[in-house]
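Subject: Structure for your review

Dear colleague,

I am passing on the structure we spoke about, and my notes on it follow below. Please read them alongside the sequence and the coordinates.

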Amino acid sequence: MCGIVGMVDLTAGGEPVQVDLLRKMVAAVRYRGPDEFGYYRDARCGLASARLSLIDIETGQQPLSNETGSIWIVFNGEIYNYLELRGELEEEGHRFRTRSDTEVIVHSFEQWGEGALDRFNGQWAFALWDVLASRLFIARDPLGICPLFTYEEPGRIWFGSEMKCLFADSRIRRQIDPRGLDQTFSYWTTIAPQTCFAGIQELPPGSFRTLEAGGRSRSRTYWRPTFPPADEWKSRPGRIDEDSEIVGRTLRNATAVRTLRSDVPVGSYLSGGLDSALIARLGREARSGGRFTTFSLCFDESEFDESRYQRLVAESLQSEHIEVRVHRRDIAEIFPEIIRHV
């Protein structure tokens with residue numbers, strides 16, 4: 001989890017983004033990336049990053065550029081197949097100066113343009129700034145795991161990992177949107193691009209947006225979930241074993257690629273339920289020869305506490321298990337902070 005922010009002003013006579021504004025925007029989400037802070041600024045664009053270092057701790061600082069400094073990126077998330085993509089790109093003549101997945105995104109767009117999104121396996125929210133073309137490209141992963149919010153005026157756009165980044169600029173009005181409240185009370189959340197604040201939008205999952213010279217903006221959805229027709233399912237009796245094998249293989253591959261590619265220790269959360277137990281088991285299988293840590297929340301109230309089941313799973317995994325005990329007063333004391341975060 002990292003925090004990314006930025007502003008682009010392509011209006012005639014627009015002034016460069018102030019460094020103080022970038023600092024205020026990224027400071028609003030500093031808890032998302034406490035390891036490093038970085039800034040980029042030119043006459044039209046300002047980018048900033050609060051980084052949580054997971055891959056290439058030594059040289060993966062952001063904002064990051066290509067060799068010539070003509071394309072800059074800030075990135076939140078992880079591209080799990082970055083090593084395979086890097087190999088393809090090196091065969092095409094691209095040269096890398098870091099070991100990060102962030103740099104792979106930059107070279108992928110140089111090679112494949114918008115089609116690079118179809119090649120990524122991972123979760124992401126990122127912004128690419130093309131200096132020579134005066135073009136901003138922001139994108140979000142297919143399922144919307146990584147958040148990204150925007151505020152736009154003709155020829156201008158602000159963006160950030162959370163809405164509080166945008167409110168760091170006093171020019172952005174603070175006004176409740178009743179449609180967002182209606183969705184929240186109906187569905188427990190808003191449905192992108194709708195938010196609870198007028199003028200602020202959430203970039204929908206599986207979509208990207210561009211802002212180009214002259215103030216032209218464009219949005220496109222590049223991915224939607226698809227499902228087989230009902231008739232196809234009716235014609236598949238007796239294939240439960242085959243389908244189960246497919247699901248199992250997919251889960252193993254997905255867990256392995258998330259567990260093995262990290263430059264920091266990897267752990268798994270155990271809630272006491274079946275889902276987290278399965279993921280932890282598959283993660284342990286992927287790291288069978290190394291250290292594996294599990295952690296859980298335990299509660300004083302027996303009706304909420306599932307530590308018995310958490311410990312059973314941890315013992316079966318032979319993991320280094322960490323318990324964090326939560327008291328009633330902890331919940332009361334941190335509740336105002338929870339409201340600020342959401």
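Asp 243 has a relative accessibility of 19%, and because the cut-off for a buried residue is under 20%, Asp 243 counts as buried. Please keep in mind here and throughout that this is a predicted model. Asp 243 belongs to helix α7, which covers residues 240–260. Between Asp 243 and Arg 291 there are 48 residues of sequence separation, and their C-alpha atoms lie 32 Å apart in space.

The next group of notes concerns strand β3 and its partners. Strand β3 covers residues 45–51, and seven of its seven residues are buried, so the strand is largely enclosed by the rest of the structure. Its side chains are divided between two directions: Cys 45, Leu 47, Ser 49 and Arg 51 point one way, while Gly 46, Ala 48 and Ala 50 point the other way, and all of them are buried. Strand β1 (residues 3–9) runs antiparallel to β3 and is joined to it by six bridges, with Met 7 having Gly 46 of β3 as its bridge partner. Strand β2 (residues 36–41) also pairs with β3 in the antiparallel sense, over six bridges, and here Glu 36 has Arg 51 as its bridge partner in β3. Three residues lie between β2 and β3, which together form a hairpin.

Strand β6 (residues 122–130) runs antiparallel to β7 and is connected to it by six bridges, and Ala 127 stands opposite Ile 138 in β7. The hairpin of β6 and β7 has four residues between the strands, and in this hairpin Ser 134 adopts a positive phi near 50°. Strand β11 (residues 207–211) is likewise antiparallel to β7, joined by four bridges, and Phe 137 finds its bridge partner in Thr 210 of β11.

Strand β14 (residues 293–299) pairs with β15 in the parallel sense over seven bridges, and Thr 294 stands opposite His 321 in β15.

The crossing of α2 past α3 is left-handed. On the α2 side the contact involves Tyr 82, Leu 85, Arg 86, Glu 88 and Leu 89, which meet Asp 101, Val 104, His 107, Ser 108, Gln 111 and Trp 112 in α3. Sorted by class, this contact of α2 with α3 has five nonpolar, three polar and three charged residues.

With best regards

Key
Residues are numbered from 1 along each chain as its sequence is written. This is a predicted model: local features need pLDDT of at least 70, side-chain atom pairs count only at pLDDT 80 or more; totals for chains, interfaces and linings use all residues. Side-chain values use heavy atoms; hydrogens and water are left out. A crossing is left-handed if the near helix is turned anticlockwise from the far one by less than a right angle, and right-handed if clockwise. Contact means heavy atoms within 4.5 Å. Ala, Val, Leu, Ile, Met, Phe, Trp, Tyr, Cys and Pro count as nonpolar, Asp, Glu, Lys and Arg as charged, and the others, Gly among them, as polar. Two strands pair if DSSP finds at least two bridges between them. Buried means under 20% relative accessible area, exposed over 50%, partly exposed in between (1.4 Å probe, protein chains only).
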